Amino acid sequence: MGTMTALRVLDCEDIAWFRADPEMPSAARGAAATLARRIGLEGYRASEVALAVTEAATNLQRHATDGALLLRVLRTPDRAGVEFVTVDSGPGMADVDAALADGTSTAGTLGIGLGAVARLADVFDIHSVPGRGTVIAAQFWAREAVAEMAGKPSVASGLTRPISGETTCGDAWAVRVDHGADHDPRSGPAPSTASPEPAILVMLCDGLGHGPMAALAGEAAVKAFRGSAARHPEGLLRDIHTALRGTRGGAVAVARIEPAAQRLLYCGIGNVSGVLLGPDSRNGLLSAPGIVGQQMRSLRTFELPLKPGGALVMHSDGLTERWKADDVPGLLRHTPAVMAGQLLREAGVRRDDAGIVVVKGAW
């Protein structure tokens, strides 16, 4: 990304996952139209959102294996938009460009095809691996916000999916920009050569167990992360530990990405996986044993250099660690939302809550 002041993150408010079944297109369409109107999109734009979601959902319902669509709100400090993400386990497309061409409706119902979805969206990304699956992410904003949003893509995105049978998820993530200042001693010991430049802070929490009580722990972690004055992982973890004391607790990892200094700082407690992925490398990031909110002894921050073209991936144990980027060719060329979707498809397990967050494009 160009200037450091261009760092942008979007807050996400997940609304619902829709699993592929005969009722899915109409249910997703109604929810999308309601959501678009609720956040203030004008009537014509709201109908475009509903049309795009209907086409994507119909494609999933008719052709995909184990397809699902996530509908959610994206927020900047003064604007809101709608995003949908679709994830399926096949069959995949050998020629994505052909699928996006005019007149190629993969569903055969609306006749507009994925090309029209791409045109209706303000931000659109698709990645398909034949034999493995396809992920699509599309954002819709008010017309006056389009130039602003398209020019500064978010450097981070994530997905959470509840365990089968639950509607709430105990996994939660959050990202914010630290705009840079002198070191604040309240944030914990200053790492060597602490950078006063802008940085990205990212947190993933896996609340113990699943269901509403686990979700309360995840929500408390997000609130503490966003409200903390700390600027480095150890200080943030201490504040989250305090906030989780009245909850079940959870596994939590916090990272600080410093584009100017070209380095990553990472500190975790419990079973959260961190991977610094490069074009030709994969570095695992270690977490200490413990439960944030209950037992958190020594904290240790790891420091790694950032390599151009890479990404930070953090996920809960609702995704196995056995995924390989080589199984998803071209993964690093895509947006954080699509990367997160592909890795959730590749490694997610239904018997647990799943959460993943990806940061890229900040260095």
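**Salt bridges in close-up**

A search of the whole structure finds 18 salt bridges, a salt bridge being a side-chain nitrogen of Lys or Arg within 4 Å of a carboxyl oxygen of Asp or Glu. The model is predicted, so that local features need pLDDT of at least 70 and side-chain atom pairs count only at pLDDT 80 or more, whereas totals for chains, interfaces and linings use all residues. Residues are numbered from 1 along each chain as its sequence is written, and side-chain values use heavy atoms, with hydrogens and water left out.

**View A. Arg72 and Asp14 form a salt bridge.** Their closest N and O atoms are 3.4 Å apart. The pair links distant parts of the chain, 58 residues apart, with Arg72 in strand 2 (residues 68-75) and Asp14 in strand 1 (residues 11-19); strands (E, at least two residues) and helices (H or I, at least four) are DSSP runs, numbered from the N terminus. Arg72 is buried at 0% relative accessibility, while Asp14, at 30%, is partly exposed (buried means under 20% relative accessible area, exposed over 50%, partly exposed in between, with a 1.4 Å probe and protein chains only).

**View B. Arg45 forms a salt bridge with Glu48.** The closest N and O atoms are 2.7 Å apart, and because the two residues are three apart in helix 2 (residues 43-63), about one helical turn separates them. Arg45 is buried at 2% relative accessible area, and Glu48 also counts as buried, at 10% relative accessibility.
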